[in-house]
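Please keep the sequence and the coordinates at hand.

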Amino acid sequence: MQKSFTDQLGNEILINYPPKRIVSLVPSQTELLFDLGLDKEVVGLTKFCIHPIERFAAKEKVGGTKKLKIDVIRDLEPDLIIGNKEENSRADIELLQQEFPVWMSDIYNLEDAMQTITDMGSLVDKQPEATYLNHLINAGFRDLQTLAVEKGIDQKVAYLIWKDPYMFAGRNTFIDDILRKIGLTNVITENRYPELTISKLKTENCELVLLSSEPYPFKEKHIEEIQSILPNTKVLLVDGEMFSWYGSRLVKAVQYFFEFQNQLIVK
């Protein structure tokens, strides 16, 4: 049968329900689809959709999130394509929308992420599984917020996502919301992902700099570089997937953040 859905950008799509041939264009949402039990239904994914690795290896690759192989997607004949406003290029999405049902998410905080899990559960006929994932995520982050208060975690932080030029996670981003959920205050007040110098942090009373493992692969050597500019600021490498993947990865992120919070407690 056919069923109508409205995506998070307000686009109405009509799909064969439940969908049997899905192409996913976002790594975190691809992982979510697999965790919802859609192994056979996911026929195409991007080269960055690496979790779980055994399923990634077995599926058709449709390019990168920003540069899709449209012809490969056409050959897969999907009855549903799932993307994201920030992750995918507008030109690619508009082209695909002319030929296929494309459902788009638009996520800025944890609540948006949980709504996306609910929406995608309905979209692929996996509502009970989606509800259970959200139960785990909601309970986990509620505990993290409580523990942040109990443990006195309230550091001022900057979160780096790129080098040359340095780019930070600013306000109105999912990462910013996650930082606040675990007890941290983002010193970057600019919106989205501004380019700034490290020396700017000197005037922001920044106590902690977090270097993300993605999209730029920060390493130990970069800690020394930043520490030389900010000798009194703590610099840590962090798992970027835990801070920025907004699907079922959030279940694993809860345990990661429990341990991360313990690292931040001043002895």
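F141 and F257 are both buried, where buried means under 20% relative accessible area, exposed over 50% and partly exposed in between, with a 1.4 Å probe and protein chains only. The model is a predicted one, in which local features need pLDDT of at least 70 and side-chain atom pairs count only at pLDDT 80 or more, while totals for chains, interfaces and linings use all residues. Residues are numbered from 1 along each chain as its sequence is written, and side-chain values use heavy atoms, with hydrogens and water left out.

Over the whole structure, a search finds 11 aromatic pairs; rings of Phe, Tyr and Trp (its six-membered ring) pair if their centres lie within 6.5 Å, and planes under 30 degrees apart count as stacked, over 60 as edge-to-face and the rest as tilted. F141 and F257 form an edge-to-face pair, 6.1 Å centre to centre with 65 degrees between the planes. This pair links distant parts of the chain, since F141 belongs to helix 6 (residues 127–150) and F257 to helix 10 (residues 249–264), 116 residues apart. Helices (H or I, at least four residues) and strands (E, at least two) are DSSP runs, numbered from the N terminus.

Helix 7 (residues 174–181) is mostly covered, with 7 of its 8 residues buried. Among the buried residues of helix 7 are F174, D176, D177 and K181. After helix 7 comes G183, which has a positive phi near 100 degrees.

Turning to the sheet, 5 strands form an open sheet in the order 5-4-3-6-7, with parallel pairing. Its edge strands, each pairing on one side only, are strand 5 (60–61) and strand 7 (102–105). Two strands pair if DSSP finds at least two bridges between them. Strand 6 (residues 80–84) runs parallel to strand 7 and is joined to strand 7 by 4 bridges. N84 has S105 of strand 7 as its bridge partner.

On a 1 Å grid over the protein atoms alone, a cavity is a set of points where a 1.4 Å probe fits but cannot get out, and a pocket is an open set with protein on both sides within 12 Å along at least five of seven lines; lining residues have an atom within 4 Å of a point. Helix 4 (residues 90–97) gives the most to this lining, with 4 residues.

The largest pocket is lined by 31 residues, and the closest to its centre are E86, E87, E214, P215 and S244. Helix 1 (27–35), strand 8 (156–162), helix 7 and helix 9 each supply at least two residues of the lining of the largest pocket.
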